[in-house]
Amino acid sequence: MNVEWYVVLSSLLFAIGATGILIRRSPVVILLCLELMLNAGNLALVAFSRMVGNQQGQVFAIVVMVVAACEVVIGLGLIVAIFRRRLPLDVDELTELRG
Amino acid sequence: MEAVLFFAAALGALAGAIGVVAFRNPFYGVLALIVHLFSLAVLFLLLSSAFVAAAQVVVYAGAVMVLYAFVVAYVGGDTEPAWDPIPGQRFLAPLLGAALFVELSIAVLGSSLVALGTDGPDVGPGFGDPAAIGHLLLERFLLPFEASSILLLLAAVGAVVLAGKRGAA
């Protein structure tokens with residue numbers, strides 16, 4: 001398969017994830033959409049690594065996976081903390097940090 | 001054969017992604033994301049990167065998604081109210097997403113990278129297997145490897161501090 005296909009697919013997945021972040025208001029789903037965007041980036045990294053014939057892009061993809069795992073852990077920790085304080089799980093109502 | 005696999009996996013990935021965005025219930029969203037991740041693992045295999053595909057299935061579809069499932073079960077997968085306080089958000093957001101897709105495609109396909117229209121160079125059977133990636137990680141990229149391990153440790157400690165039993169507050 002042509003490498004172009006993979007890159008276009010990855011940008012399509014990235015756009016879907018971005019749309020999800022704009023539409024949804026539950027923080028859990030926003031984190032899921034963030035995962036979509038990170039994985040789209042991973043797909044592009046691996047596709048380019050195949051295109052160049054160099055494995056360093058795959059190491060990059062693995063580091064992205066590590067960062068995604070950290071982000072998930074922190075994000076879910078925040079969600080659990082919000083839930084414990086009986087605050088609404090809705091990003092439109094969590095406005096304490098708004099300037 | 002390769003083309004059939006690619007389009008099947010691409011369809012799966014797209015369906016999973018759209019499912020994540022569209023399902024009201026976050027639990028179904030988690031399940032859709034698992035479908036998406038498995039399809040991506042197939043795509044990684046097609047790009048002859050076996051180790052990344054395996055890590056994708058084990059780490060993502062295995063560990064991370066179990067964490068998601070637990071948290072959704074804990075906070076309750078209550079469906080969010082239909083649509084929303086910001087007028088026009090429902091129509092504007094897909095429009096912006098489509099614009100982003102067009103823009104990214106133009107940026108990548110217009111970048112005149114020579115190998116973009118090809119299948120990439122021929123690589124041997126050892127391309128992207130665990131031995132090769134391990135050599136790269138432990139020799140050339142040792143410092144990023146150690147840094148990412150510290151990052152993981154910090155994230156674990158941070159999660160315990162954030163979500164653990166609070167005394168006062």
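**View 1. Contact of helix α3 of chain A with helix α5 of chain B in the predicted model.** In this predicted model, Gln56(A), Gln58(A) and Val59(A) of α3(A) meet Ile133(B), Leu136(B) and Leu137(B) of α5(B). Sorted by class, the residues of this contact of α3(A) with α5(B) are four nonpolar and two polar, with no charged residues.

**View 2. The side of chain B that touches chain A.** The contact between the chains draws 74 residues from chain B and 62 residues from chain A. On the side of chain B that touches chain A, the elements giving two or more residues are α1 (2–22), α2 (26–46), α3 (50–75), α4 (89–109), α5 and α6 (142–163) of chain B. Of these, α4(B) gives the most, with 13 residues. By class, this side of chain B has 56 nonpolar, 13 polar and five charged residues.

**View 3. Helix α1 of chain A beside helix α1 of chain B.** The axes of α1(A) and α1(B) cross at roughly 10° and come within 9 Å, an arrangement that makes α1(A) roughly parallel to α1(B). From α1(A), the contact is made by Trp5(A), Leu9(A), Leu13(A), Ile16(A), Gly17(A), Thr19(A), Gly20(A) and Ile23(A), and from α1(B) by Phe6(B), Ala10(B), Ala13(B), Ala17(B), Ile18(B), Val20(B) and Val21(B). The residues in this contact of α1(A) with α1(B) comprise twelve nonpolar, three polar and no charged.

**View 4. Helices α2 and α3 of chain A.** The helices α2(A) and α3(A) pack at an angle of about 175°, and their axes are 9 Å apart, which makes α2(A) roughly antiparallel to α3(A). Residues of α2(A) that take part include Pro27(A), Val28(A), Leu31(A), Leu34(A), Glu35(A) and Leu38(A), while the residues of α3(A) that they and others of α2(A) meet include Phe60(A), Ala61(A), Val64(A), Ala68(A), Glu71(A) and Val72(A). The contact of α2(A) with α3(A) divides into 14 nonpolar, seven polar and two charged residues.

**View 5. Ala81(A) in helix α3 of chain A.** Leaving aside its neighbours within four places in sequence, Ala81(A) is in contact with Leu162(B) and Ala163(B). Ala81(A) counts as partly exposed, because it has 17 C-beta neighbours inside 10 Å.

**View 6. Positive phi at Arg86(A) and at Ser48(B).** Most residues other than glycine have a negative phi. Arg86(A), although not a glycine, has a positive phi of about 60°, and this residue is placed in the segment after α3 of chain A. Ser48(B), also a residue other than glycine, has a positive phi near 50°, and its place is in the loop between α2 and α3 of chain B. Arg86(A) has 6 C-beta neighbours inside 10 Å and therefore counts as exposed, whereas Ser48(B), with 21 C-beta neighbours inside 10 Å, counts as buried.

Technical notes. Residues numbered from 1 in each chain as written. Chains lettered and ligands numbered in written order. Predicted model: local features only at pLDDT ≥ 70, side-chain atom pairs only at ≥ 80, totals over all residues. Contact = placed C-beta atoms within 7 Å. Helix = DSSP H or I, 4+ residues; strand = E, 2+ residues; numbered from the N terminus. Nonpolar A, V, L, I, M, F, W, Y, C, P; charged D, E, K, R; others polar. Buried ≥ 20, exposed ≤ 12 C-beta atoms within 10 Å, placed from the backbone. Axes fitted to C-alpha atoms, helices over the stretch in contact; angles between N-to-C directions. Parallel < 35°, antiparallel > 145°, perpendicular 65-115°, else oblique.
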